[in-house]
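Reader: Got a model to walk through with me. Can we keep it quick?

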Amino acid sequence: MHRKHDDLFGAGIDTSTVTIEWALAELLGHPHILKKLQDELSSVVGSTRLVQESDIENLPYLRAVVKETMRLHPALPLLLPHAARQQCQVNEYDIPSGTQVYVNVWAIGRDPNAWENPLMFYPERFLDSKMDVRGHHFELLPFRSGRRACPGLALGISNVHLMLANLVHVFEWATLTDST
Ligand code: HEM
């Protein structure tokens, strides 16, 4: 039982914190995006309270910032390794039974065939798009897809939304070089 708890905490905490850290790093590197997010939070949440889970559905720019972070900086860039249970073919590649297989979602998130200006941090690309991170869109698979997708997806994504929103809403953020 302890082992299971360790696995759950390990799987849930590191993945969420690393995603929030990358989001903050990107926001600090793109002050106009940080400002746009702060403006959304001010207008939807106001200045007298913390962000609540029920606010998230009214914060499309926040959700777009999180998707864009997960596209460029997936917490598990190669997902977890799996083994082919039987011999199969993927495109022109023969995969023998027992082969250990990785999915490089880091590279997929930066593939110029799938994304316009792939290296640009540009949350707006998700504003008029139905693309989500739940495994239906193979260009964006931070939680994998199908039967072995992350079982903590719903908790993970709401943790990231809520913590990032409150960190941005409550604190002033600046880099060390900003203050020198
Ligand atoms: C931003 C947050 C999270 C991200 C990006 C994430 C991503 C992933 C990914 C990519 C996998 C591997 C799927 C595979 O390749 O087989 C995985 C597995 C897993 N995740 Fe998450 N996860 C997050 C949060 C959580 C949370 C909050 C929990 C639990 C409370 C959790 C529990 C697990 C467990 C138990 C597995 C292993 C499932 C298995 O053995 O098939 N994750 N996660």
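Author: Contact here means heavy atoms within 4.5 Å. With that cut-off, V168 touches L24, L27, L34, L37, Q38, L41 and W173, leaving out residues up to four places away in sequence.

Reader: What kind of model is it?

Author: The model is predicted: local features need pLDDT of at least 70, side-chain atom pairs count only at pLDDT 80 or more, and totals for chains, interfaces and linings use all residues. Residues are numbered from 1 along each chain as its sequence is written, and side-chain values use heavy atoms, with hydrogens and water left out.

Reader: How many helices and strands are there?

Author: The protein has five helices and four strands. These are DSSP runs numbered from the N terminus: helices are H or I with at least four residues, strands are E with at least two. The order from the N terminus is α-α-α-β-β-β-β-α-α.

Reader: Back to V168. Which residues touch the most other members of the largest nonpolar core?

Author: L27, L37, L41, V65, L164 and V168, in a core of 32 residues. α1 (2-29), α2, α3 and α5 (153-170) each supply at least two residues of this core. α3 gives the most, with seven residues.

Reader: How is a nonpolar core defined?

Author: A core is a set of buried Ala, Val, Leu, Ile, Met, Phe, Trp, Tyr and Cys residues joined through side-chain atoms within 4.5 Å. Buried means under 20% relative accessible area, exposed over 50%, and partly exposed in between, using a 1.4 Å probe and protein chains only. Of the 180 residues of the protein, 34% count as buried.

Reader: F9, then. Buried or exposed?

Author: F9 is exposed, with a relative accessible area of 52%. F9 sits in helix α1.

Reader: How far apart are the C-alpha atoms of F9 and L76?

Author: They are separated by 15 Å, with the two residues 67 apart along the chain.

Reader: New topic. What is the protein donor of the iron atom of the ligand?

Author: C150, through SG at 2.3 Å, is the only protein donor. Donors are N, O and S atoms within 2.8 Å of the metal (3.2 Å for Na, K and Ca); water is not among the atoms, so sites may look incomplete.

Reader: Where is C150?

Author: C150 lies in the loop between α4 (105-109) and α5.

Reader: Last one. What box do the C-alpha atoms fill?

Author: Roughly 60 × 45 × 35 Å, taken along the principal axes.
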